[in-house]
Amino acid sequence: MSIVKALFAGRIPTESLLPYPPLRDQDRESLGPMLDAIDQFLAPKQADFKRWDREGAQPAEFIQGLRDLGLFGLIIPEEYGGLGLSNAAYARVLSQTSRHDSSVSLTIGAHSSIGMKGLLLFGTADQKTKYLPRLASGELIAAFCLTEAGAGSDAASIRTRAEKNPDGSWTLTGEKIWITNGGIADLYTVFARTPGEAGKITAFLVEAGWTGVSHGPHEDKMGIRASSTTTVNFDRVRVPPENVLDTEGKGFKVAMAILNNGRTGLGGGAVGGMKALIALATAQANERQQFGRPIAEFDLVREKIAQMMVDCFAAESVVWMVAHAIDSGSDDYSTEAAISKIYASEAMQRTAYEALQIAGGSGFMRDYPYEQAVRDSRILTIFEGTNEVLRLYVALSGLKDLGRSYAELRSALDDIFNNPIKGFGVLGDYAEKRLTQATGIGRDRISAEVPASLREPSEILEKYTPELAKAADYVLRRHGKAVVERQFELKRVADLAIDLFVGACVLSRAAALQADPRTASPAASIARLFAQRAKRRMAETIRRITRNEDDAVRAVAAFALEEGRYPWDVF
Ligand SMILES: Cc1cc2nc3c(=O)[nH]c(=O)nc-3n(C[C@H](O)[C@H](O)[C@H](O)COP(=O)(O)OP(=O)(O)OC[C@H]3O[C@@H](n4cnc5c(N)ncnc54)[C@H](O)[C@@H]3O)c2cc1C
């Protein structure tokens, strides 16, 4: 069962949270040599990465080096010539490449996480045999083409069209923008509107070499500058019928499945970036002397370092918990995946910002790596679903299930007369949940299952999980279907779910680390810090569900939007 959906129902699914999932043995075997090879290849290239960031491109020889390392075949099954890594191991590889350079992770990640993921998830045997071996070797590089000038977050509004020809082939016309790997890809997963039932979208596999396919110049970006981002144009491109991915009209489902499945790649990359920054920031804090001592001795510097550690630990714990859920064959992980992306991206941005602050003026200079980390990480909350839209998704998917239990309740009441046993059964579950929320009696206990050193964070999880259920219940009852438009309320519900789910992952991971005397104490302190801060955030969020200044926020924004400017000057 989805852990987050259980939390929304006021339950802590201890059986899904403990013990923290270990890496598969087969992954462990392939990962060790792979991570060493990555370090050997990338570590000596620090000056090159800096130059390529300025120039805004990765040279062809370097991409050939990535091919030679097998980095384009990470998640492709061995039978097709890939390494067959699990999602967890794949995220670990991207974490390692990100320690050296974000653009490298993006080139590999856009290929695997989204470019050819549709083929892996939905391809026919023929499509896989035709393309996967060449994608695994990197002879073909893949890209994912969804976004258009008029269709960003609202991906369902794309205008690229594919018309069916009498011979069953398709004619594809339209332009996609900001496509990662756009300028170097050989195979595109393209989403287009197809005729038939209004609004239907179909996914196609399109080769870059086909007549009518072209791409624009590399975009001049703020960050991840060396990775290729271009427009991709399709001018009456003939696509053979066998290159439809999954079923005609199911393209939107394909796109969402790809994005959900690929999110842990982005999260893994963010974790690697944070680890590199923590190493830099601790060295800087120890070495830099001010007022006659290393700045590491000042509490306000230590506070930043501690927060980086908590953020990195929490992001790592949640990303690998979600990757494990995907690897275990769960098909209900999209809410957890969205939370892992939201948390890891924001944690990485906080870490980059604070690492630069610790470096002071040096952090602002291009000779140092901090400003690039700030620029590179800025994209993380924007692409693969903006964090705003993902927060709405987290809340709405949790509320949808709760709404379903109301519908069940209604039908249970009807059923009491028709089928008393079934009717009372469902009613019983519901009444029990309400009782738990109201009184805390029967509250799920995870504190008994974790070492005593983790009592405080586990009790916070126990206390606040019913609060999420109560908050969701309140919001749904108050607004009913109109809740879809109540973004302040949805964000509050999402923030509670994020703190609880990430907190549960932190607790689980910290529990696993209690077995090692070297890591037990710092891991317990991190879990305690995360939980105490989450508790303060959650208490405030809950308070604001009923006592807030939402109307004033709307009024100020409405005034500014109407004026189109800030209207006052002091003189
Ligand atoms: C470097 C880079 C690489 C990219 N790579 C790819 C790629 O490989 N393939 C691909 O298909 N796309 C790619 N994209 C596109 C990316 O996925 C989109 O930029 C993203 O989906 C957001 O769309 P948008 O930029 O049009 O922003 P908009 O959708 O216009 O959003 C603008 C702002 O409004 C907010 N907003 C929008 N709708 C709502 C709402 N309903 N409620 C509340 N707030 C809302 C957003 O959160 C955001 O803050 C890339 C973009 C960049 C910059």
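Contact, throughout these legends, means heavy atoms within 4.5 Å. The views show a predicted model in which local features need pLDDT of at least 70 and side-chain atom pairs count only at pLDDT 80 or more, while totals for chains, interfaces and linings use all residues. Residues are numbered from 1 along each chain as its sequence is written, and side-chain values use heavy atoms, with hydrogens and water left out.

View A. Helices (H or I, at least four residues) and strands (E, at least two) are DSSP runs, numbered from the N terminus. Once residues up to four places away in sequence are set aside, serine 227 touches Gln58, Ser103, Leu106, Thr107 and Lys221. Serine 227 has a relative accessibility of 1% and therefore counts as buried, a term that means under 20% relative accessible area, with exposed meaning over 50% and partly exposed in between (1.4 Å probe, protein chains only). Lysine 50 is 177 residues from serine 227 in sequence, and their C-alpha atoms are 13 Å apart in space.

View B. For leucine 266 and phenylalanine 383, the separation is 117 residues in sequence and 9.8 Å in space, C-alpha to C-alpha.

**View C. Serine 95 in helix α6 (residues 87–100).** Serine 95 counts as buried because its relative accessibility is 1%. Apart from neighbours within four places in sequence, serine 95 is in contact with Gly268, Gly269, Gly272 and Trp320.

**View D. Backbone geometry at proline 19, tryptophan 178 and arginine 236.** Leucine 18 and proline 19 are joined by a cis peptide bond with omega of about -10°, and proline 19 is placed in the loop between α2 (14–17) and α3 (25–42). Tryptophan 178, in strand β3 (residues 170–180), has a phi near 55°, which is a positive value in a residue other than glycine. The side of the model seen by this tryptophan is described by its relative accessible area of 58%, with which tryptophan 178 is exposed. Arginine 236, in strand β7, also is not a glycine and has a positive phi of about 45°; arginine 236 is exposed, with a relative accessible area of 61%.

**View E. Packing of helix α18 (residues 487–513) on helix α19 (residues 517–546).** Two packed helices are described by the angle between their axes and the distance between the axes. Axes here are lines fitted to C-alpha atoms, for helices over the stretch in contact, and angles run from 0 to 180 degrees between N-to-C directions. The axes of α18 and α19 are 9 Å apart and the helices pack at an angle of about 165°, which makes α18 roughly antiparallel to α19; angles under 35 degrees count as roughly parallel, over 145 as roughly antiparallel, 65 to 115 as roughly perpendicular and the rest as oblique. The crossing of these two helices is left-handed, meaning that the near helix is turned anticlockwise from the far one by less than a right angle. Among the residues that make the contact are Leu496, Leu500 and Val506 of α18 and Ala523, Phe530 and Ala534 of α19. By class, the contact has 14 nonpolar, three polar and four charged residues, where Ala, Val, Leu, Ile, Met, Phe, Trp, Tyr, Cys and Pro count as nonpolar, Asp, Glu, Lys and Arg as charged, and the others, Gly among them, as polar. Helix α18 is mostly covered, with 22 of its 27 residues buried.

**View F. Packing of helix α17 (residues 455–479) on α19.** The two helices pack at an angle of about 25° with axes 10 Å apart, which makes α17 roughly parallel to α19, and α17 passes α19 in a left-handed crossing. Residues of α17 including Ile460, Tyr464 and Tyr474 meet residues of α19 including Ala531, Met538 and Ile542. This contact divides into 11 nonpolar, two polar and four charged residues. The buried residues of α19, among them Ala527, Phe530 and Met538, pack against α11 (299–327), α12 (334–359), α17 and α18.
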